[in-house]
Amino acid sequence: MNVKQRTIKSEFSVTGVGLHTGQSATMTFKPAPENHGYKFKRIDLPGSPIIDADVDNVTDTSRGTTISQNGASVNTVEHVLASLVGTEVDNVIIELDGPEIPIMDGSSIMFVEALEKVGFVDQEAYREYYSIPHNIHYSEPDRKVEMVAMPLDDYRFTCMIDYNSPVLGSQHAAITTLSEFKKEIASCRTFCFLHELEMLLKHNLIKGGDLNNAIVVVDKQVSKEELKNLAKLFNRDDIDVAREGILNNIELRHQNEPARHKLLDMIGDLALVGVPLKGHIMAARPGHAANIAFARKIKAQIKKEKSKKHIQIYNPNATPLYDVVQIMNILPHRQPFLFIDKILELSKTHVVGVKNVTMNEEFFKGHFPGAPVLPGVIQIEAMAQTGGILVLSTVPDPRNYLTYFLKIDKVRFRAQVLPGDTIIFRCDLMEPIRRGICQMKGVGMVGEKVVVEAEMMAQIIRVKESEASV
């Protein structure tokens, strides 16, 4: 089913204090065009730098997720990103006049309610989902972290946490579809253990902390004196431990609110993959570092599939544009140094050539004769001869010109090429030919598998007709 992308109807702002920095900040959400995605704009900094909500820009996961780009950072992005995913907003820019997203009440609900209040508008372009193609696993055995994304025609989450705590115990949370996010997940607040809170306070690491924006789990015996000190720190008359084993400043919104909040964090962190996902995400003991590592793994899979889509599969038995005799009318090379048998395609910017690898070629007599493998230098030379056809097609009479290598870069041999294989080379101009200098990106494939790739620079040299015919 095709679903239109959407943005918000109009801009709106929310203001609050950052949990870790203690700095007040105003966030202004603004509509954005199709295919824009999520971006943050630090309007308090010179030049108002923009930071893309992308997993490649993550720079810290110690107490929340921080992204950095163009010399600027935004801290604690996960809750607001979860609200955007949960309300299925595709395109928005968030202007921010401080370094950290306001913590609000420690959940996403205030963002969700503000987004719903302003409303949404469908755009012309369709949403492009990435559907998880097969199980993608991530694990950290030392921390007993396990995460897996499985194929599903929806977006479903299952989360389990286990802190070996007599208070929390083992907790589970799940949603079967994003439409459940607001009711089941959005209002679930961040949590920490009392010993963590005391350490953070001691090191002044939660300058914006308030007992209204976090659940504090009491995981140790605590004296009345300690409780009095905490009450004083947070400007409260009295603090005690509730029956559920948490500080009695707040009531739990769900019995398993901590597990639900971990699920909320996962949704926000996985938004940094950069595209809406379809799949079932299951996680045991997730955290920001694991979420980001998992997001990177999913993004790497997306990149891998995109690169495959960009490589066209050619039929080596198709009627050639040039056969070997016609190739010899263009290239000066001759046996045993002519390595191209056919040209399948030729345009102003690309060329496709074919090399059949046979056991009777001269170099196999001395190059690993007991285990014949096509030498890498021959693969590069064959790729260069394919590119030479493209270069020489730009001059009036190819017989009056030669092409010489100036540089070879980024060469990678990805798989062995054996007798009986057929390599198809595709060379594309990286930029227009200027002053006889050309730069090409070359890829060699056997079937659907890339075996070699390189970037080449060559120069066209005009020679006397008598020399060119040698």
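The entries below follow that order.

I worked from a predicted model, in which local features need pLDDT of at least 70, side-chain atom pairs count only at pLDDT 80 or more, and totals for chains, interfaces and linings use all residues. Residues are numbered from 1 along each chain as its sequence is written, and side-chain values use heavy atoms, with hydrogens and water left out.

Aromatic rings. I searched the whole structure and found 8 aromatic pairs. Rings of Phe, Tyr and Trp (its six-membered ring) pair if their centres lie within 6.5 Å; planes under 30 degrees apart count as stacked, over 60 as edge-to-face and the rest as tilted. Phe363 and Phe364 form a tilted pair, because their ring centres are 4.9 Å apart and their planes stand at 55 degrees. I noted that ring pairs link Phe337, Phe339, Phe363 and Phe364 into a cluster. Phe364 is buried, at 2% relative accessible area (buried means under 20%, exposed over 50%, partly exposed in between; 1.4 Å probe, protein chains only).

Charges over rings. I took a charge to sit over a ring if NZ of Lys or CZ of Arg is within 6 Å of the ring centre and within 35 degrees of the ring normal. The charged end of Lys4 sits over the ring of Tyr126, 5.5 Å from its centre. That of Lys278 sits over the ring of Tyr129, 4.6 Å from its centre.
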